[in-house]
Amino acid sequence: MIKNFIKNPYLAIFFDAILIFFLSIFIYLTRPINTSEVVFIPKGGVGEIISYLSNRNFNLSSIDKYALIFIGSPQSGWINMQSTKLSRIDFLRKLTVAKAALKDITLIPGETTVIFLNQISKELGLNEQILNAEYNAISPLPDGFIMPNTYKIPLGISERHLAYYLVNSSKKAHQDLSMKIFGEYDEKKWFKFLIIASVIQKEAASNDEMPLVSSVIYNRLKKGMRLQMDGTLNYGIYSHETITPERIRTDMSKFNTYLNDGLPPSPVSSVSINAIKAAISPASSDYLYFVRDKRTKKHKFSKTLTEHNQNIGR
């Protein structure tokens, strides 16, 4: 048998080629690969996952695809790599066995993005300046774009990946909601509704009041009246600040609807689905004013300035 093997040079070449091939695969899989400490893996087949990672600057090839098929089924969700430098084989193996520790982070309707990002930076041990910069670099709106929700965030995530996750998951939520309501996603039209919805969110005392507050906004705009609403001054870092006459006089930003005509230039806060629906479908009314009743904590709506002043007096 051995003599036949020696006498057959083609057979020897074939086995040498096989040996070289497997040695090459082994060397390839033991090479280091740079990764983030946590990686998000979408649901899908091995080919889809490898393509997804390749599009996110992971240097993967068809060899990794077939190696992953051999190793096992990759998980979906956040994967804790526990290191930023791994061999390829360790990286692929962790895709099938590792999971990330998650922390619930909640954005409530009416909160501003900068306050939210600063809060979660503290909770997750991130740099708030970097996180805000990463968010502003990719978000189409400075505020009001992140959808209120409870997000499961992996411990160890970077500022860039967190910003990407929040913006892209919110973008999909906006698109899905717009498609459900209108059958299309017109970004310019949708963003205008978000601006109106954010004012409603800041002003309404309850979900039930939102369509009425929306009607006041539209009625005043139609008549060319300034909105003159305190909630528009609760933008950005001023989210929880009490609006005083001095603040109204001194705030020269375009968010001051006492000094500027029309709507604010962008949303002033995050918005609920109820606020969006109210912005799209306001109540039918002739109301132009409203004031909060300190006793009931609800608003009294009126059609004339005289009636409005009476409600203030009461």
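This is a predicted model: local features need pLDDT of at least 70, side-chain atom pairs count only at pLDDT 80 or more; totals for chains, interfaces and linings use all residues.
Local features require pLDDT of at least 70 and side-chain atom pairs count only at pLDDT 80 or more, whereas totals for chains, interfaces and linings use all residues. Residues are numbered from 1 along each chain as its sequence is written, and side-chain values use heavy atoms, with hydrogens and water left out.

Side chains of opposite charge can pair when their charged atoms come close. A salt bridge is counted when a side-chain nitrogen of Lys or Arg lies within 4 Å of a carboxyl oxygen of Asp or Glu; the count comes to 10. One of them joins Glu134 and Arg160 at 3.4 Å, N to O. Because Glu134 lies in helix 7 and Arg160 in helix 8 (residues 159-182), this pair ties together parts that are 26 residues apart in sequence. Helices here are DSSP runs (H or I, at least four residues), numbered from the N terminus.

Within helix 8, Asp176 and Lys172 are 4 residues apart, about one helical turn, and their side chains form a salt bridge of 2.8 Å, N to O. Asp176 is partly exposed at 41% relative accessible area, while Lys172 is exposed at 52%. Buried denotes under 20%, exposed over 50%, and partly exposed in between (1.4 Å probe, protein chains only).

Asp293 and Lys300 also form a salt bridge, at 3.5 Å, N to O; Asp293 is buried at 13%, and Lys300 is partly exposed at 29%.

Helix 7 (residues 128-138) also contains Asn132, which is buried at 15% relative accessibility. Heavy atoms within 4.5 Å define contact; beyond neighbours within four places in sequence, Asn132 contacts Val114, Leu117 and Asn118.

Terms used
Helices (H or I, at least four residues) and strands (E, at least two) are DSSP runs, numbered from the N terminus.
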